[in-house]
Amino acid sequence: MNIKTRILVFVILFEILAYSTLQLFNTLIYKQALDEFKQNEIQAVFNNTISRINHLAEKMQGHAIDLAINGEQLYFLRQQKSAAMADIKDLAQRTLEHKFASFEQAMGGGLWYQPKVLSEQYHYFGPYIYKENNQLHFTWDLNTPEYDYLNQAWYQLAVKQNWGLDQASYRPVFWTAPYRDDAGSFSLMMTIDAVMLDDNRSPIGMATIDWSLQALSDFLVSVKVSAQAQPFLLHQDSELIIGSTGEPQQVAQFINDFPWAATLLAEQQFNNATRVEFAQLSTEDEYIFYQLSENGFIFGSMVPKSDLNKQVDKVSYLTLITGSAIGLGFILLMIFILKALFSPFDQVLNIIKSSIRYGKNKQVNLLPVEYVKRNEFTPIIVALNDVYLQVKHYVSDIEEANAKLIASQQQVKKLNAVLERKVALRTAELESKTKQVTRSLEQLKRTQQQLIENEKHATLGRLVAGVAHQINTPLGICVTAASILESTSKTIHEKATSGNMSRDEFNQSYDRIIQSAELLSENLHKATNLINIFKQVAVDNDSQENRWFNLCEYIDNILLSIRARIERTPHKVTCQYQQEIRFFASPGALAQIIEQLVENALIHAFDNSTAGEVIITLSKHAKNLQLTISDNGKGMPDTVRKQVFDPFFSTNNAQLSLGLGLHIVYNLVTHKLGGVIKCQSQLGEGTTFIITIPMSAATEP
């Protein structure tokens, strides 16, 4: 048989087999498909219902968390001493009244604090608000030892579970089991507990909302899976029935008290680690569909089997009749269509076959196809002739390219050999250069470290010179006073020995001795204080250990140690402090920073003909310390400002400056003190160095 006959036979046999099989198994297969469709439809209803239940539960849980946040704000106000207890009480009442005015489904709620967290005088602090006849009523009646809310089951629910700090969520939340409101409405409700935490995530109490489940019960009435379906709602943890449209008296009863609910519970073991998707349970007369919500509610519906079977049987019968008729008509139609379509195809196929010839060595020769008819095959024949022509050209091009490729491969082999030799030579040269660069870099690092040490010794030398200058003045006065004291003592001794001393001479000599001794004592005391200060600064410069010290006083001592250097210039250094600051850091590092920045300003910022001023400002912002050293000198351009912290950069090459001063300052601020230093400067507007240092977390002894 040719291809046309085979296709025609195959289509007819396939249609007969397909429709026969379809009609034979329609009762089972299509019925199952309809059953799955109905289940998908029911599942869509369940998904919408579960989504609604989850939304209501999350909404109430969100209200509880929001109320807990408000409760924490009251606690923080009290901790900051910004509100008295009377104001806290008033704020608590207004908060509850404002929040519960918009809680339509909330029967009540309150803020319940741990003993004495707000005040030592308040062991109980639990403001509560509730609804009665759609009116809000605020009360403190539950804030008593008789009620003792601290030992109530709803409060102990969080206490016994470590306040929910082990929960994955940031805000611990607990749900009580459903219960009847015995105090007033007698409606079924649940209590949501949201834990209140301080800044250290330690519990300070909880906020509660009493949620009426009446809205969920009313919602069940609107859910219709089928005409005779009976929706129900269970609570997983407490195993209580909290909603049933079939038998309302079952509400608030245990699941195990009813056969259908007990069967469902036995079929599927619910636990907190299991996520139950949409499922069904089949009994003798009905299907029980059910699904677990995110908050532990089990929504389900009891659907009679007759509701589903009626629709499935009706559709299956109509499908059987319609499918048989369509199948028969399709088979007859395909017979005529295939017969008409394949007639010109056979003719064209024979012409194409005759255009292909095989020559010697199995070489294929393509002859032009001659087709004189004008129909739908004409474009195909024209395109085929073009393809034949292109194939001939391509074969010729391929043969030519193949020859060129062989020649190119030989050339590439030669070039690769030359390239490999060049790569080996360049690699050897690169290794040699790398070793040379490595040695040069190591030598550069050693040189840089030596220059930094020299700069530190130069700073210490300036400190020693300042010490000598400051101590010379009181010591010179001491020498003069000692000379006067010696001369006066000799005079008194000579006159006393010869017996020629009068009372007036003795009194005058005594006064000079007392004055000289006082002057000597006072200046020796000044010298001692100066030596102690200079000794401390020198020790700090030599040590990089951290300790507690008075920052303002220490800066004054640093300026005192370099006063001789400042007095040799027409400039002055002033300090501005907002408050006394205790600081834990390396005093030596801070001394080197201030000395270097002041010295840098005295050398570079001013002209010797004009008196300038350097201002040191110290302030404390939040957890950071800000030290500002500014001058009203000539400033610097941006090109210089951007490089001031680079090593070996200096604008004073005439004095052979190493350019390491500000680089050392940068390293001390960033690495030793863990801070940030910035330079702000413009020509003619002075220069400002802003140093920001984090305050140490260490505890002062």
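Colleague: By class, how many nonpolar, polar and charged residues does the lining of the second largest cavity have?

Modeller: First, some background. This is a predicted model, where local features need pLDDT of at least 70 and side-chain atom pairs count only at pLDDT 80 or more, while totals for chains, interfaces and linings use all residues. Residues are numbered from 1 along each chain as its sequence is written, and side-chain values use heavy atoms, with hydrogens and water left out.

Now your question: the lining has 8 nonpolar, no polar and no charged residues. Here Ala, Val, Leu, Ile, Met, Phe, Trp, Tyr, Cys and Pro count as nonpolar, Asp, Glu, Lys and Arg as charged, and the others, Gly among them, as polar. The lining consists of Leu551, Ile555, Phe583, Leu590, Leu618, Leu625, Leu627 and Ile693. A cavity is a set of points on a 1 Å grid over the protein atoms alone where a 1.4 Å probe fits but cannot get out, and lining residues have an atom within 4 Å of a point. This one has a volume of about 40 Å³, the volume being the space filled by probe spheres set on the points. The whole structure has 3 cavities of 30 Å³ or more.

Helix H10 (551-561) and strand S20 (624-631) each supply at least two of the lining residues; helices (H or I, at least four residues) and strands (E, at least two) are DSSP runs, numbered from the N terminus.

H10 also packs against H12, at an angle of about 50° and with axes 10 Å apart. Axes are lines fitted to C-alpha atoms, for helices over the stretch in contact, and angles run from 0 to 180 degrees between N-to-C directions. H10 is therefore oblique to H12, since angles under 35 degrees count as roughly parallel, over 145 as roughly antiparallel, 65 to 115 as roughly perpendicular and the rest as oblique. In this contact (heavy atoms within 4.5 Å), Leu551 and Ile555 are among the H10 residues, and Leu590 is one of those in H12. The contact residues divide into 8 nonpolar, 2 polar and 1 charged.

Definitions and conventions:
On a 1 Å grid over the protein atoms alone, a cavity is a set of points where a 1.4 Å probe fits but cannot get out, and a pocket is an open set with protein on both sides within 12 Å along at least five of seven lines; lining residues have an atom within 4 Å of a point.
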